[in-house]
Amino acid sequence: MTALSPASAAPPHTLEEDFRLLKTAVEDAGKLAHSYFRQDLKVTRKHDGTEVSEADFAVDDLLKSALLGGRPNYGWLSEETEDDPDRLEHRFVWMVDPIDGTNAFLRHVPEWTISAALVQEGKPVLGAVYNPATGEFFHAIRDGGAFLNDAPIHVSTRSDLEGALFIASGGLFKKRIWKEPWPGVESRWVNSVAYRLALVAAGRADATVSLSAKCDWDLAAGVLVVEEAGGVVTDHHGHAFRFNLPNPRFPSLVAAPPLLHAKLIERTSRVDL
């Protein structure tokens, strides 16, 4: 393992201090992002074909300036910033998706979020998921609980698949990949991965399942919010996520209350992607 640099090994600020910095930065980013919402924006395509707008870059700049400006000895990983391997030398790394759900944002659907987390040695310790269009601010502190607008939240108590509400692609459960048919489940689609996780954490849906690749910046904040709300989040084989590795990608996502999560993994783990 590479030795940590002296700066990254320096005594950290308290989590409460870091959270105050994170909360202010994300709230400011939300105001900026909302000022672009439902406006005529300059949009380009990235190498992978996905859309990105001037709003994504503006919000990314604000968050980077605020978070790294306040903690220059922390690392940085963002969807809209070229990855710098220097982050691997840091114990603490900010992980940001400046506008998670750009597709919804550009199509004037209020299901996008600012997602930002602080990861310590591979595990998120602070997470914020903010939907400025609806005024919902989800946050979590490791071992300190999960909250929506400062009120405690908890995952649902559902343990059975029958009748469960999933945030997932409508056709996912009808695909031929499954070894056995699914019982009667409901599904709805939400473009923002972080928002899907936050809604599960708040008990507004029972689970979210995705068999497509996700990145650190998609998951870090939302994973902590779900875990602190009493849920379990893994890939479709049941493997826990470890963040800030050289390749910041994961194959899939399954998030649910513990008993329901176990039943989901029984099914999803048999799927080869």
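Predicted model: local features only at pLDDT ≥ 70, side-chain atom pairs only at ≥ 80, totals over all residues.
Biologist: How do the axes of α1 and α2 run, roughly parallel or roughly antiparallel?
Modeller: Helix α1 covers residues 15-36, and helix α2 covers residues 54-70. Their axes come within 9 Å and cross at roughly 160 degrees. Angles over 145 degrees count as roughly antiparallel. The two helices are therefore roughly antiparallel.

Biologist: Which hand does the crossing of α1 and α2 have?
Modeller: The crossing angle is roughly 160 degrees. As α1 passes α2, the crossing is right-handed.

Biologist: How are α4 and α5 set, roughly parallel or roughly antiparallel?
Modeller: Helix α4 spans residues 193-201 and helix α5 spans residues 216-228. Their axes come within 8 Å and cross at roughly 0 degrees. An angle under 35 degrees counts as roughly parallel. So α4 and α5 are roughly parallel.

Biologist: How many nonpolar residues are in the contact of α4 with α5?
Modeller: From α4 come Val193, Ala194, Leu197 and Ala201. From α5 come Asp218, Leu219, Gly222, Val223, Val225 and Val226. One residue is polar and one is charged, while the nonpolar count is eight.

Biologist: Which residues lie nearest the centre of the largest pocket?
Modeller: About 1,000 Å³ of space lies in this pocket. Its lining holds 39 residues. Nearest the centre are Lys46, Asp48, Thr50, Glu79 and Asp218.

Biologist: Which element gives the most to the lining of the largest pocket?
Modeller: Several elements each supply at least two residues, including β3 (75-78), α3 (102-106), α4 and α5. With three residues, the top contributor is β4.

Biologist: How many charged residues are in the lining of the largest pocket?
Modeller: The lining has 13 nonpolar residues and eleven polar ones. The charged residues number 15.

Biologist: How many charged residues line the largest cavity?
Modeller: The whole structure has one cavity of 30 Å³ or more. About 40 Å³ of space lies in the largest cavity. Trp178, Lys179, Glu180, Trp182, Arg267 and Arg270 line this cavity. Two of these residues are nonpolar, none is polar, and the charged count is four.

Biologist: What is the phi of Arg38?
Modeller: Arg38 sits in the loop between α1 and β1 (43-45). Arg38 is not a glycine, yet its phi is positive, at about 65 degrees.

Biologist: Where does Asn149 lie?
Modeller: Asn149 also has a positive phi without being glycine, with a value near 50 degrees. Its place is the loop between β8 (146-148) and β9 (151-152).

Methods
Residues numbered from 1 in each chain as written. Heavy atoms only, no water. Axes fitted to C-alpha atoms, helices over the stretch in contact; angles between N-to-C directions. Helix = DSSP H or I, 4+ residues; strand = E, 2+ residues; numbered from the N terminus. Parallel < 35°, antiparallel > 145°, perpendicular 65-115°, else oblique. Left-handed = near helix turned anticlockwise from the far one by under 90°. 1 Å grid on protein atoms, 1.4 Å probe; cavity = no way out; pocket = protein on both sides within 12 Å on 5 of 7 lines; lining within 4 Å. Points joined across faces, edges and corners; volume = space filled by probe spheres on them. Nonpolar A, V, L, I, M, F, W, Y, C, P; charged D, E, K, R; others polar. Contact = heavy atoms within 4.5 Å.
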